[in-house]
Amino acid sequence: MGSMAAVLDTSAAPAGSAQQHMAPQLPTTARLFHATCAFAVQKLLLPPWIFLRKVKTYIISPGETYPDQIKAYPALKHLPIRIFLPPGYDRTSTKRFPVLLTIHGGGFVLGNPWDNDPWNRAFSSKHGYLVVSLNYSKAPGSPFPKPVYDLEALIQLVLADTTLPIDYDRIAIAGWSAGANLTLAVSQLDTVKLHVKAVVPLYPVVDFVPTQETKCAGRRYKPDLGGFRGKDKDFLLAMSPTFNWAYLNPGTDLHDTLLSPAHAKREALPKNIFMIGCELDMLAPEAWRMICSLAGKRVPRENEVVGRQMTAKEGELIMDNDDPYAWEEVIKMDGGARYKWLLVPDQVHGFDQDSIGHMVGNDVKCLKDAKMKTDKMIEIIGGWLDDVMDVDK
């Protein structure tokens with residue numbers, strides 16, 4: 001399924017009111033509608049999708065991206081993890097490897113750890129990391145903040161697992177979309193922050209306070225691209241109200257930093273953060289504002305549009321320290337910190353996932369561009385983590 005994150009619509013509340021910053025109680029008819037949508041997706045649409053994924057994994061292309069191990073700890077049997085061992089791993093050796101913990105997306109309602117198998121396998125093989133794909137309970141059965149604490153417990157179990165070749169001085173965490181939100185949430189908890197050296201949120205939702213209209217106002221639209229990327233409406237809008245209803249109990253404080261990490265103080269988060277946004281994504285503006293704030297740069301206005309109207313060369317990222325596409329700030333005070341930003345030009349939310357093909361259909365240009373940029377992004381992330389965590393290759 002697509003890696004879609006939630007977008008809250010608080011437009012019904014008066015501007016500046018306290019209610020605007022609390023999750024609303026929806027009318028009964030709206031609640032029934034969203035409950036029906038969530039049930040239909042989770043119980044009717046998702047099972048056939050899982051079946052087709054298994055057919056592809058076991059029959060069509062067996063072993064290409066499959067994890068080396070699938071494991072469920074007794075304390076959290078319902079949350080199995082997927083383990084990707086680096087090339088050349090020898091069980092008889094005492095060698096330890098840098099670790100990347102990953103968290104899948106899906107609007108807090110959908111998604112599974114195997115959604116990211118191709119990405120996780122590619123990263124592990126390319127950079128020699130132990131990659132562990134984590135899991136969490138889904139809304140509406142497990143609304144905020146349950147998934148955050150699921151992940152905290154699971155991370156503690158992973159780090160206590162003596163069968164894994166973990167280099168405890170080199171642990172990073174990454175996530176996509178809703179999973180990127182959860183990376184920034186769980187890494188604020190002392191039990192996790194103590195171990196994590198770096199965080200890589202990919203196209204995260206980081207602020208539940210702004211309305212949908214505000215979020216869309218800062219998104220870049222490029223009709224000249226044509227196809228799926230040239231549409232005049234963000235595809236996240238379709239399911240976001242259902243995701244919001246499922247994840248947020250009425251009265252939830254939208255400023256809670258475990259929900260909206262953009263409101264967290266710099267010292268509450270790990271010191272090294274590499275934020276990645278997609279130019280054609282309504283969530284990119286809030287990620288851009290958050291990383292600018294952390295880095296001490298000028299914070300863009302809420303309605304300031306990300307990126308530029310020009311189109312990049314096919315498959316190319318803009319990496320020459322070209323604000324607003326890419327930059328890094330190194331802060332030497334208070335023990336040092338590094339904040340890096342990458343805006344992927346001409347691409348949509350979830351571009352680096354296999355499921356993008358199901359969303360864009362036969363848009364060959366979009367798919368080719370996405371694949372090329374995914375490969376380059378994985379290369380850049382690995383190089384940055386190696387540098388930040390002082391990995392000796």
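**Group meeting: a walk through the sheet**

Strands here, like helices, are DSSP runs numbered from the N terminus (E, at least two residues, for strands; H or I, at least four, for helices).

A quick word on what you're looking at: this is a predicted model, where local features need pLDDT of at least 70, side-chain atom pairs count only at pLDDT 80 or more, and totals for chains, interfaces and linings use all residues. Residues are numbered from 1 along each chain as its sequence is written, and side-chain values use heavy atoms, with hydrogens and water left out.

Back to that pair. β5 and β6 run parallel, with five bridges between them. Two strands count as paired if DSSP finds at least two bridges between them. In general, strands of a sheet pair through backbone hydrogen bonds, either parallel or antiparallel.

Now zoom out. Nine strands make an open, mixed sheet, in the order β1-β2-β4-β3-β5-β6-β7-β9-β8. β1 (69-71) and β8 (326-331) are at the edges with a single partner strand each, so one side of each has no neighbour in the sheet.

What packs on this sheet? Helix α3 (residues 146-159) does, touching β2 (81-84), β3, β4 and β5 (166-176), and its direction makes about 150° with that of β5. Helix α10 (residues 364-388) packs on the sheet too, and its direction makes about 175° with that of β9 (337-348). Touching, or contact, means heavy atoms within 4.5 Å. The angles run from 0 to 180 degrees between N-to-C directions, with axes fitted to C-alpha atoms, for helices over the stretch in contact.

Next, β3. Four bridges join β3 (residues 97-103) to β4 (residues 130-133), in parallel, and six parallel bridges link β3 to β5. Leu100 shows both sides of this: its bridge partner in β4 is Val131, and in β5 Leu100 stands opposite Ala172.

Leu101 is also in β3. Is Leu101 buried or exposed? Leu101 is buried, with a relative accessible area of 0%. Buried means under 20%, exposed over 50%, and partly exposed in between (1.4 Å probe, protein chains only). Leaving out residues up to four places away in sequence, Leu101 touches several others, including Val132, Ile155 and Ala172. Leu101 and Ala172 are 71 residues apart along the chain, yet their C-alpha atoms are separated by 6.3 Å.

β5 itself is mostly covered, with eight of its eleven residues buried. Helix α7 (residues 240-247) is mostly covered as well: six of its eight residues are buried, among them Phe243 and Tyr247.
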